[in-house]
Amino acid sequence: MNTTIESLLNDQIKYEASASMQYLSMASWADANGLNGVADFFYSQSEEERLHMTKLVKFVNERGGNVLIPQLDKPKDSFKGLNELFETFLNSEMFVTEQINHIIYQCLQHKDYNVHNFMQWYVTEQLEEEAMARTLLDKLNIIGDDKSGHYMFDRDINSIAASQETSE
Ligand code: FEO
């Protein structure tokens, strides 16, 4: 495997692992603040990111590359409220999308069509996750500081997320 591509894939393993730990931290914050629906949502997002990471680890190994299991920075664990929580979610997804686009670009530069093909799955996944994060943040911006709105958001988040998935 081309060393630039191998190094980028190892970076991506770290970004997916960091997203998984960040969402676990957000799930725990929501849990501790009585937001059980939001907690469930982020526990599940954390699991998904872990799968994204493992998929890359397996792929690099299959291609005979050298996987470096990364050391991670401590995730953010305090939030002013739901808006900051979902801003963090959207920013994290936008960052991951940028990195994936960069890998795709480098694959074309190095004519690595195998990795390019493999990464298409991540492109689709990012489109869905970014759209979901945007939808949820838009809803929170409409709700503003209304406490009963936050209560309903927490109650309905998992069905909003599910309907977003089926509409794509
Ligand atoms: Fe796997 Fe949402 O980044």
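A residue is called buried when its relative accessible area is under 20%, exposed when it is over 50%, and partly exposed in between, with a 1.4 Å probe and protein chains only. By this rule W29 is buried, with a relative accessible area of 14%.

The structure is a predicted model, in which local features need pLDDT of at least 70 and side-chain atom pairs count only at pLDDT 80 or more, while totals for chains, interfaces and linings use all residues. Residues are numbered from 1 along each chain as its sequence is written, and side-chain values use heavy atoms, with hydrogens and water left out.

Consider the whole chain. The protein chain has 5 helices and 0 strands, where a helix is a DSSP run of H or I with at least four residues, a strand is a run of E with at least two, and both are numbered from the N terminus. In sequence order the pattern is α-α-α-α-α. The radius of gyration is 17 Å, close to the 15 Å that the globule rule gives for 168 residues, so the protein chain is as compact as a globular protein of that length. This radius is taken over C-alpha atoms, and the globule rule is 2.2 Å times the number of residues to the power 0.38. Along its principal axes, the C-alpha trace spans about 55 × 30 × 20 Å.

Of the 168 residues in the protein chain, 46% are buried. Contact means heavy atoms within 4.5 Å. Among contacts in the protein chain with a separation of 6 or more, 77% come from residues 24 or more positions apart.

Rings of Phe, Tyr and Trp (its six-membered ring) pair if their centres lie within 6.5 Å; planes under 30 degrees apart count as stacked, over 60 as edge-to-face and the rest as tilted. A search of the whole structure finds 14 aromatic pairs. One of them joins W29 and F79 in an edge-to-face arrangement, 5.6 Å centre to centre with 75 degrees between the planes. W29 belongs to helix α1 (residues 3–32), whereas F79 sits in the loop between α2 (36–62) and α3 (82–109), so the pair links parts of the chain that are 50 residues apart. Like W29, F79 counts as buried, at 8% relative accessibility.

A second pair is formed by F42 and F86: their ring centres are 5.2 Å apart and their planes are at 45 degrees, so the pair is tilted. F42 lies in helix α2 and F86 in helix α3, so this pair ties together parts that are 44 residues apart in sequence. Both F42 and F86 are buried. They also belong to a cluster in which ring pairs link Y23, F41, F42, F86, F89 and F153.

Leaving aside neighbours within four places in sequence, L137 is in contact with N83, F86, E87 and L90. L137 is buried, with a relative accessible area of 10%. Between L137 and D154 there are 17 residues in sequence and 13 Å in space, C-alpha to C-alpha.

K111 is found in the loop between α3 and α4 and is exposed, with a relative accessible area of 60%. Phi of K111 is near 55 degrees, a positive value in a residue other than glycine.
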